[in-house]
Amino acid sequence: MENKLDILFLHAIVITMRGNGVGIIEDGAVGVKGTRITFVGSSEEASGYVAERLIDAANHKVIMPGLIDAHIHSGDGLIRGTAQDLNHWMQHGIWPFEQALRQDEDAVIKGSIMNIMEALKAGTTTFCDFDTPMTKIVENHVKLGTRARVTELISELPKENKTAIGELYEFDPAEGNAKFERCKKLFERWHGQENGRITCMFGPQGADMLSKELLLEIKSAADHRKTGIHMHVSQGDREIDQMIKRYGMRTIPFLEEVGYLDEQLMAVHLTEATEEETRFLAGRGAGMVLCSGSIAIIDGIVPPAAAFLEVSGRLALGSDQAPGNNCNNMFNEMKFTAILNKCKSGNPSIFPAWKVLRMATIEAARAIGLGEETGSIEVGKKADIIMVDFTQPCLAPIIHYPVRNIVPNLVYSAKGSEVEMVLVDGKVLIDGFKVVSVDEGKVVRDAQEAAFRVAKAAEGPFSRIPDTPLREMMENGEL
């Protein structure tokens with residue numbers, strides 16, 4: 001029967017993200033068959049359909065596209081809260097823990113699945129996961145059922161980085177080549193797998209962290225495979241300092257010189273990019289991924305997203321990583337993005353809630369190259385859908401007239417715990433606020449056990465950092 005559906009949502013507030021705004025249908029219905037959305041309209045128009053599972057949303061539930069996290073290092077999950085409130089976040093904070101973590105592959109995997117589960121429970125359905133060893137981490141996305149655009153993080157930094165602040169990084173070409181080979185194997189094994197849910201990109205960690213020669217090899221490989229490049233760009237004053245010392249120019253002019261500035265590039269952060277550089281990058285067709293919470297905490301900076309939007313709409317949001325941002329929650333990122341940019345400009349009208357919601361859904365999908373597949377509630381698109389419970393105290397009440405409050409409350413009030421149901425590819429992954437495919441408690445317990453190992457192993461590298469602010473905070477009873 002053509003009118004037979006697998007799942008039919010009725011009497012919902014449907015946020016379609018169609019058109020130039022948010023495309024709300026107040027008494028809406030959404031039908032799913034197989035992996036695709038097959039009906040979108042009013043509940044009255046859906047009267048001719050029958051479904052295996054009928055969900056009456058009773059005008060108090062919002063159906064909307066799943067959120068997209070365009071930049072996450074899920075493998076850093078176990079070192080949440082270990083590198084905040086200090087300058088030189090990388091050298092004085094994360095590196096000792098990172099070095100210990102990366103020697104324990106089992107710990108990386110267990111932290112990763114916990115982070116992905118955290119994000120999934122808060123409505124994230126698509127992940128651009130940028131980490132190592134991605135050949136193993138990708139299996140967490142398979143297990144949980146999420147959509148993932150994955151890449152191995154490629155750099156030539158040695159396993160134990162002993163570079164002092166201000167010194168030029170030493171490179172280990174063997175390390176870089178090994179990671180590059182893993183990325184190629186990742187592509188061969190996983191690109192297009194799981195009914196197309198898993199796709200692969202290439203991921204140079206940053207222009208300052210690998211040689212020009214390896215950057216050119218990666219570009220050639222991505223061109224050959226017709227895929228994207230996921231890369232940190234101008235991610236801090238440290239990077240700019242390294243680029244000027246090594247090449248005599250800033251990152252974005254360097255990337256133009258080596259042929260990286262095109263539609264293939266997903267440029268993450270732009271923390272230290274000037275507005276002129278940002279407009280230039282946008283004009284060359286590259287996408288931008290803005291990680292507002294992470295960069296605010298790590299650097300105290302609001303990246304030049306407003307300048308990017310003057311030229312291009314290919315702006316997506318990302319959560320980055322647990323030891324910087326402290327959470328992987330796209331509701332958090334939407335709120336941070338709106339508020340920080342209002343403060344930066346001194347203008348409360350910019351980055352309105354509806355526009356920021358687009359950055360986490362349809363504009364994000366376009367920025368990461370999946371705009372034809374996901375990011376909006378439209379017939380023919382993949383059924384990546386979330387249902388949000390607006391009877392929760394922080395989202396109530398619902399007001400339709402004279403001013404509708406639904407989208408502002410999603411962006412400024414939601415915590416993510418109000419996500420009641422999640423579908424990816426038409427399959428229910430969260431039902432009644434609970435993960436379907438794994439034991440949530442066991443995931444957290446396993447991660448905790450692994451975190452104890454990593455913390456103990458980090459004692460050695462951490463002790464070799466002189467006068468670290470984190471140690472002083474501990475001694476002063478501030479941590």
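Is C327 buried or exposed? I began my notebook with this one: C327 counts as buried, at 18% relative accessibility. A reminder to myself before going on: this is a predicted model.

**Cysteines**

I looked for disulfides next and came to a count of 0. C327 is in none, as the nearest cysteine sulfur, that of C291, is 12 Å away. I then turned to C394, whose closest cysteine sulfur is the one in C327, at 15 Å. A disulfide needs the two sulfur atoms within 2.5 Å, so the sulfur of C394 is too far away for a bond. C394 is partly exposed, with a relative accessible area of 25%.

**Backbone**

I went along the backbone with a simple expectation in mind: most peptide bonds are trans, and most residues other than glycine have a negative phi. Here are the exceptions I noted.

- T132 and P133 are joined by a cis peptide bond, with omega about -5 degrees. I found P133 in the loop between β7 (124-131) and α3 (134-144).
- A396 to P397 is a cis peptide bond too, and its omega is near 0 degrees. P397 lies in the loop between β15 (385-389) and α15 (406-412).
- L270 is not a glycine, yet its phi is positive, about 55 degrees. I located L270 in the loop between β12 (265-269) and α8 (275-283), and it is buried, with a relative accessible area of 0%.
- D320 is not a glycine either, and its phi is positive at about 75 degrees. Its place is the loop between β14 (315-317) and α11 (322-325); D320 is buried, with a relative accessible area of 2%.

**Aromatic rings**

Which residues form one aromatic cluster with F202? I found F180 and F187 there. The structure holds 5 aromatic pairs, and I wrote down two that involve F202.

F180 and F202 are edge-to-face, 6.2 Å centre to centre with 65 degrees between the planes. This pair links distant parts of the chain, 22 residues apart: F180 is in helix α4 (residues 173-190), and F202 is in the loop between β9 (198-200) and β10 (203-204). F180 is buried at 3% relative accessible area, and F202 is buried at 0%.

Why do I call F187 and F202 stacked? Their planes are at 20 degrees and their centres 6.1 Å apart, and planes under 30 degrees apart count as stacked. F187, also in helix α4, is 15 residues from F202. At 12% relative accessibility, F187 counts as buried.

**Charges over rings**

The charged end of R225 sits over the ring of F187, 5.8 Å from its centre. The charged end of R189 sits over the ring of W190, 3.9 Å from the ring centre.

Notes
Residues numbered from 1 in each chain as written. Predicted model: local features only at pLDDT ≥ 70, side-chain atom pairs only at ≥ 80, totals over all residues. Heavy atoms only, no water. Helix = DSSP H or I, 4+ residues; strand = E, 2+ residues; numbered from the N terminus. Buried < 20%, exposed > 50% of the residue type's maximum accessible area, 1.4 Å probe, protein only. Phe/Tyr/Trp six-rings, centres within 6.5 Å; stacked < 30°, edge-to-face > 60°. Lys NZ or Arg CZ within 6 Å of the ring centre and 35° of its normal.
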